[in-house]
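Dear colleague,

I am passing on the model we spoke about, and I would be grateful if you could look it over with the notes below beside you.

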Amino acid sequence: MEGEQQKKEVVLQGLGVSPGVAVSPAYLVITEDERYVERDIEDDEIAREIARFEDALISTRHQIHEIQTRISDAIGQENASIFDAHLLVVDDRSFVEEVIKELELKRKNVETVLHLVANRYADALARVEDDYLRERAADVKDVARRILRNLAGRKVSSLADLTGNHIVIANDLSPSDTAMMRNETVVGFATDLGSRTSHTAIMARALEIPAIVGLHDVSVRVLPGDTLLLDGNKGLLVINPSEERLIYYGAVAETQKTIKNELQRLRDLESETTDGYKMTLAANIEEPEDVDAVIQHGALGGVGLFRSEFLYLSRDALPDEAEQEKAYSTVASRLYPAPVVIRTIDLGGDKFLSQLKMPQEMNPFMGWRAIRYCLANPAIFMTQLRAILRASRYTNVKIMYPMVSDAGEVIQANEILEQAKDQLRNEGVPFNEHIDIGVMVEIPSASLTAELIAPHVSFFSIGTNDLVQYTLAVDRVNEQIAYLYRPTHPAIIKLIRRTIEVGHQHGLSVSVCGEMAGNILMAPLLMGLGADSLSVSPSMAPMVKQAIRNMSFSQAEELGNVALNSESPEDVLYACRELVKSVAPNLLQLVE
Ligand code: PEP
Ligand code: MG
């Protein structure tokens, strides 16, 4: 009892990526393939373990067939056949018999033995000098994971099933894990890995869950049953906080609540400067339900970035045309006439789809992702383009291509779009013939050749998350080099300015949709550099709106000029902070 009362307070410093304070018991997430307990079994349990294994194999085979059918219906037989390799593993008698033999020999539960045999198989395959066989190593691991889940009777990740409030602790979380935190029992999360612009962090802000990443070893320091205090502004995670600290944070939370309530009053007001310049303020969303937050937080400019790939994550089969059309139409109709920019799928990088079997790459962020993947898989791309076009009967729908590196990719994508239009015309399906097409400018080469891309599109949207990563050669999810990830670097300022100028010369509107736009220190800078609109995480919209409403356009322009003539990222950031401190000091209390 004494030990209970005197658990030592431990304070860990990480990177605060989603603001707010939370206090709750810890919930430790252990990765899927580790979640079983090794156990010795008695002789009379052997038959039962083998029966459990056979049952799990039947369920696994059944599930794989089901996924194949769904994928085949959605995007064709060719894509579904990638699961043939998984079926070969389930039906491989020598694999199955080896598991049974080991079970009898080692007298361990089937989970333990399966893990052992699968790893042995995968390791042997990985060493073979044959590309095809080497790839089968991943199949063996995938299938073993699925069998383990079936042995445990688990169908979905346990995060979705969590009951009671918790702060989730993990080594790392994928964006789809984070997407599963919508059930409101997760009041905060903290991870060993990650950075500010990882999609996991972006999801946390979208869901308004306070979060800290880059804590290095939090997943081994926190024990089940520990009480945690998480300060997402300062990036502090306190294990078993003291009474004084809890009292102090109670007061902080109260102040923040008051400021947020005041901001709520801006909901229906324009993002207009004191000298009458109207900035468009839109929001970034990941799923149709996020529209509630867009409306609630007063992003009157609609959706500047719909990360449509989130519709494809956390599920066994790809969404078909009808399902996608429904998702896009729901968003478009609820926000009409405010624009809704649907970005075509940006998979790869840190967002993967197990059912598409994207290859493991050394540099996934620079690899086979986004428009590159779509151009190589026209069937998948076509399904999405047709769905977006169908939804464009709501004329506020626009299309945007991600990760464009040159005009050629835009020309190619537009050709496929024209084919999609032809198909729908022939089928007599109505759509907007003049749908606006835009590109994300997020690779330096796109900014540097913006004049070649401009004739093929009607708007640019600057994706600073990737632009910073590629320009400064800083992996956006690597916490070791997070200190080098500086959006105020002079190189970034120059590229943003260039993109805006070229866009305007060609009569295009230019928006910024990276996380920089929702950073209250940097949003005024982007306005000053000439951006026509900002698209931000919905929860950040009220803060950005207040910053804009409290300053004049000429103050922002002056900041833009200072930035263009600054010599270091720190100088630019200092100037940004000084401006916000002078016009809206209360905002700093919400984020610092
Ligand atoms: C970006 O790169 O800035 C962006 C908005 O896209 P994402 O974060 O989804 O890569
Ligand atoms: Mg991007």
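C513 is buried, its relative accessible area being 2%, where buried means under 20% relative accessible area, exposed over 50% and partly exposed in between, for a 1.4 Å probe and protein chains only. C374 is likewise buried, at 1% relative accessibility. The sulfur of C374 lies 16 Å from the closest cysteine sulfur, that of C513, which is too far for a bond. Across the whole structure the search finds zero disulfides, a disulfide being a pair of cysteine sulfur atoms within 2.5 Å.

Please bear in mind that this is a predicted model, in which local features need pLDDT of at least 70 and side-chain atom pairs count only at pLDDT 80 or more, while totals for chains, interfaces and linings use all residues. Residues are numbered from 1 along each chain as its sequence is written, chains are lettered from A and ligands numbered from 1 in the order in which they are written, and side-chain values use heavy atoms, with hydrogens and water left out.

The magnesium ion (ligand 2) is coordinated by E442 (OE) and D466 (OD) at 2.0 to 2.1 Å; donors are N, O and S atoms within 2.8 Å of the metal (3.2 Å for Na, K and Ca), and since water is not among the atoms, sites may look incomplete. This pair links distant parts of the chain, 24 residues apart, with E442 in the loop between strand 13 (437-441) and helix 17 (444-448) and D466 in helix 19; helices (H or I, at least four residues) and strands (E, at least two) are DSSP runs numbered from the N terminus. Both E442 and D466 are buried.

The largest cavity has a volume of about 70 Å³, a cavity being a set of points, on a 1 Å grid over the protein atoms alone, where a 1.4 Å probe fits but cannot get out, with lining residues having an atom within 4 Å of a point. The volume is the space filled by probe spheres set on the points, which are joined across faces, edges and corners. Of its 14 lining residues, R307, R343, M440, E442 and N465 are the closest to the centre, and strand 10 (303-307) and helix 19 (464-472) each supply at least two residues of the lining.

As for the backbone, the peptide bond from Y336 to P337 is cis, with omega near 5 degrees, and P337 lies in the loop between helix 13 (321-335) and strand 11 (340-343).

With best wishes

Note on methods. On a 1 Å grid over the protein atoms alone, a cavity is a set of points where a 1.4 Å probe fits but cannot get out, and a pocket is an open set with protein on both sides within 12 Å along at least five of seven lines; lining residues have an atom within 4 Å of a point.
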